[in-house]
Each structure stands twice: as C-alpha cells, then as structure tokens.
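Colleague: Could you take me slowly through one part of this model, the open sheet and the helices that lie across it?

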Amino acid sequence: MARALDDVHEDIRKEVAGRAGALWDVALRLHADPEYAFAEHRAAALLTGELERAGFAVDRGVAGMPTAFSARSGHGRPAVALLLEYDALPGLGHACGHNLIAAAGLGAALAVHAVLGGSAGCVLAVGTPAEEGGGGKATEVDAGVFDGVDAALMFHPGVYNWRRAPLTAQVQYRVAFHGRAAHPTGSPTEGIDALAALIELFNVLAVLGRRLPEASHVQGIVTHGGTATNIVPEYAEGRFGLRAATSRALDELTGRLRECAEGVARATGTRAEVERATVRYDHFRDSDVLSDRFAGHLSRAGIALTPPVPGVYLGSSDIGNVSTRVPAIHPFVAIMEEDGSDHTVEFAEAAASERAREVLLASTEALACTAADVLLCPGLREEAWARHRAAAER
C-alpha cells in the first residue's frame, strides 16, 4: 500500500508539472481581472469551464449564490473538498492572493481526477465567493455543501511559511441610538443627544478593551452622526467589528457589547438597537494531522513550514466555519518577505510574481497529494476525524 501511494504521488506530481503553464495562466487571468464579493462572474465561469472540460460534473449557483459552485469527480465516501477563493479587494485587486488559491485548488482537483478518476471516492472542487467580508463558505456550510465530506483543503499565500493559520472569530454589529431632536440653543433641555450616547459607548468600550483577553478587541466607526450642527441628533449609528481567539470568546464579547450599549442607553435616556450586520466567522480549527501531510509534501519543493509565532494572529476567514464541520487545513505559504503585508499594493504585485508561480505549483502539488492521502488512507481519515471531534468537545 505504501508503494502504491508513492506511485500515486509521483503520478500527481507529473500531472501538476504538465499543467504548470495552464495553471499559471489561470492565476494571471484572475489577477488581471479582479472581481469583488458575490460579483465574481467571470472568475466562476473561467474555473467551472476548466473543470467541466476535464469531466467534472459542475453544479453552479450553489447555496443560492450565483458565483458559487461545486464540481464533482466520483461519488460517495471518502470525499475530499478542495476550496477555491477568487474574490478580490476593492481598489487593491488580488492583494490577498486569491488568484493563487483558485488556481491551486483547480490544479489539485484536476490532478487528482486525472490520476484516480473517481475510483477512490469523490473529489469536490468548491468555489467559495466573497471571503473578503461576504462569508460565502459560511453560507455553503449552512446549505450543507460540506455534508458528507471528509476533509477540506486549501492554502493561502502570505508573508510567513506557517503550518497552520491563527485565524480568529469575527463578526460586525450595528449599534444605533435613538434620542429626540431639538434646537441646541432655543430648547436645549428638550433634546436627547443620540450622538453623545454613541460617543459614550466608544468611551466605555475603550475602557473594556484594556481588560479583554489576548486576541479579543472591538474596533468601531461612526456611520451616522446627525444631519446638522444646529439640531440635537435624534439618531446616531456606529458599526463595530469584534474579534476573539475562539468562537466562544466572541459570543462572550458580543454579550459585553450589548450590555455596554444598553447601559449607555439607560444612562443617557436614549434607546439602543444592537443587531448583527455581517456573517459571523468562526475561529479556525486546524486538522494538525492533515496539515502535517501537506507540510511534508511541500517540503519536497524546499519550502519548510513552521508553527505560527505565538500571540500573532492573521485576521479572520470563513474557512473557520468549514473547520467546525470537517477536518480542514489552511497553511500559509510566503510569496514575499515577512516585512511585507497582505491587503497592500505590494502584495497584489507579489501575487503575479515569479515567486508566486513557484509557490502556486508547489502548493498545488502538496494539496493534490494530501487529497490523495485522504482518499486512499482510511487510518488517516479516522485519525483526522477523531481529533476533529475531540477538539469540538473542548
């Protein structure tokens, strides 16, 4: 069995090498034509077209999202999902490298399909729109797209070579205060200043922030502060982004936000409204046994992955929602040096660089070999599921 698996890995590497030019072309085409959350029509058409021509059965518009898709090779269990992100950032293009994520997921799915042909179970290529704020994966999770899947695999370009992703739980809330309008000079005692209440909420949250645990924070902006300086604002609104190291900690932080808003409302005579404004991203739960496999395969390309630096967090992603349902990996592979940052013009340029091409091909190969391991190794699947369930109980 070990020899047979080695043969499969070798055949996969040959497949990826043979598709190198085509995969890089896909990455560059996506890079040159950035589309944004839930509007990635050309990207979805490009990717589904490639999968359909290779023999995948493609289901477009999954989970009620026009730019989401699921492409299937084979049937039943075991099943492995390769995730494709392809949305860009307004004003910055592919400054998070999603063009590389899409091309790598595509290439890995095509390579496993070519080598195994659906004989060992099911390979899914899942198109996941709107990672940058829309939460396409969260919607797909709720719609059951990942039901019956044994592992979800993807990589993310970055500035670190890290085996797993320290991704926090995240959500945004709208907080509004209702007061009473009045002339600030003619009848100042008649007014109830909603903006003053909102400002006080910022002050209270600043005090709260000094006592929050590591990785928890609240960042807010004023989205409506009144209509004129000679009218006491009867309505004020802010939007607050909440992050925490775990989903449970995020729930606790959300409760604190509500308590603070309601307390300010009582103190100022206003009425507070607190409502969720975005999809909630759960924190990422890494399948270490599968991440180890990916890291081992990637090391063949001379790229060594290390554990993340303790205390450093790299934002949030809807891959966290997927990781609550199935064993999942989300390693970071560097396409620029550690003094850089994603979500910058420089990172967008790096996503079309020669280094990005090398990372794309190495990561595609590692993803495809890891997917084959999931399909062909029952013991690996059992261990991944056992650890996944144990983590869920903690």
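Modeller: Strand E7 (residues 169-178) pairs with E10 in the antiparallel sense over six bridges, where strands (E, at least two residues) and helices (H or I, at least four) are DSSP runs numbered from the N terminus, and two strands pair if DSSP finds at least two bridges between them. Within E10, arginine 271 stands opposite histidine 178. This is a predicted model, in which local features need pLDDT of at least 70, side-chain atom pairs count only at pLDDT 80 or more, and totals for chains, interfaces and linings use all residues. Residues are numbered from 1 along each chain as its sequence is written, and side-chain values use heavy atoms, with hydrogens and water left out.

E7 and E10 belong to an open sheet of four strands, in the order E8-E9-E7-E10, with antiparallel pairing. Strand E8 (217-224) and strand E10 (271-276) stand at the edges with a single partner strand each, so one side of each is left without a neighbour in the sheet. From one strand to the next, the twist averages 20°; axes here are lines fitted to C-alpha atoms, for helices over the stretch in contact, and angles run from 0 to 180 degrees between N-to-C directions.

Two helices lie across these strands, with contact meaning heavy atoms within 4.5 Å. Helix H6 (residues 194-209) lies across E7, E8 and strand E9 (235-244), and runs at about 20° to E9. Helix H7 (residues 247-268) lies across E7, E8, E9 and E10, running at about 10° to E7.
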